[in-house]
Amino acid sequence: MTDTTRTAAARDSLTDVAGLLVGHASVPGPGALSGTTVVLAPPAGAVAAVDVRGGGPGTRETDALDPRNLVERVHAVVLTGGSAFGLDAAGGVMAWLEERGRGVPVGPEPHQVVPVVPAACLFDLGRGGDWRARPDAATGRAAAEAAGTEVAEGGVGAGTGAVVGGLKGGVGTASTVLPSGVTVGALVAVNAVGSAFDPDTGALYGLTGRCAYPARAVHEAAAERLAAALAASGPPPLNTTLAVVATDAALTRAQAQKLAGTSHDGLARALRPVHLMHDGDTVFALATGEREPLPGLALNAVLTAGAEVVARAITKAVFAAEGVAGAGGTFPSYRDLYGS
């Protein structure tokens, strides 16, 4: 049997995978509620893959990640708000990388590179009141410049305007270390049509069986407040949950593809329902290859951990989020309704 014992990683963050950095930037302005998150790969890049399962995706450069195609490594991954408009943020990240000579060499000079920067967007248009306040190349550059090992959670970066089932969503991150010493981490921008908690009890799906249920009276009061907020916020929003799962294991592109796919199980555990026609749920997988190739069936432990850290990152995002109320709608947080 596969040993599934887990130990805590240093930061409980995607950046526990050595070499990865994360940066956030939000769109400025009083009517803005959107932003961008960038995951920077090591200078030499990382093996990458993607699995798109939502019915309404918005992506850039994902075809390049097909194992049948030329690209071997990527240099960053961009998660962004702003729907398809927000994909412009990837251009700012590309320019930042180009200035540092990081990319696929396409000429004899060191600066003649093309950075490979796949991206995916979520829908948050108008959530701050200003429909045109959305990420652009400057937002992407700002996120790249802010990248480091400490990762803020909640309403930051791509999670600035995120909403999950009417509650305020956001960014969450988590990681674990396997008995083999392999680290697996995830970062998720939670912006789902579905809910993160059981409508009958108020318990977060990602914590089922691991925490006490809210008191009945608390849950009933919370349900009334959420119903009122939903009624005041107009039609149901379009959504999409985005994730990056990474490991320091040496994976082939096909193995990375499998990791991206099985990590969607984490979405299904912590959000219900998922992969709807108005979600564009997308998971990227990165492998830095700092460790030796996995022997035998050891990949199974990495695949299992990928789904687990995604589910936990979603729960952390929901806990970290702070409610907002403004011209674009009222979106209470889970803690607003249920406390800590």
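Contact here means heavy atoms within 4.5 Å, and helices (H or I, at least four residues) and strands (E, at least two) are DSSP runs numbered from the N terminus. This is a predicted model, in which local features need pLDDT of at least 70 and side-chain atom pairs count only at pLDDT 80 or more, while totals for chains, interfaces and linings use all residues. Residues are numbered from 1 along each chain as its sequence is written, and side-chain values use heavy atoms, with hydrogens and water left out.

Take helix α4 to begin with. Its buried residues (under 20% relative accessible area, 1.4 Å probe, protein chains only) include R253, L259, H264 and L267. Among the elements covering the buried part of α4 are β3 (47–52), β13 (242–247), β14 (282–287) and α5 (299–320).

On to the packing. A nonpolar core is a set of buried Ala, Val, Leu, Ile, Met, Phe, Trp, Tyr and Cys residues joined through side-chain atoms within 4.5 Å. The largest one has 46 residues, and V164, V184, L271, V302 and I314 touch the most other members. Leaving aside residues up to four places away in sequence, L271 touches V164 and I314, among others.

Then there are the aromatics. Rings of Phe, Tyr and Trp (its six-membered ring) pair if their centres lie within 6.5 Å, and planes under 30 degrees apart count as stacked. Y334 and Y338 make a stacked pair, 4.7 Å centre to centre with 25° between the planes. Both tyrosines are buried, and they sit about one helical turn apart because 4 residues separate them in α6. Together with F197 and F319, Y334 and Y338 form one aromatic cluster.

Notes. Buried < 20%, exposed > 50% of the residue type's maximum accessible area, 1.4 Å probe, protein only. Phe/Tyr/Trp six-rings, centres within 6.5 Å; stacked < 30°, edge-to-face > 60°.
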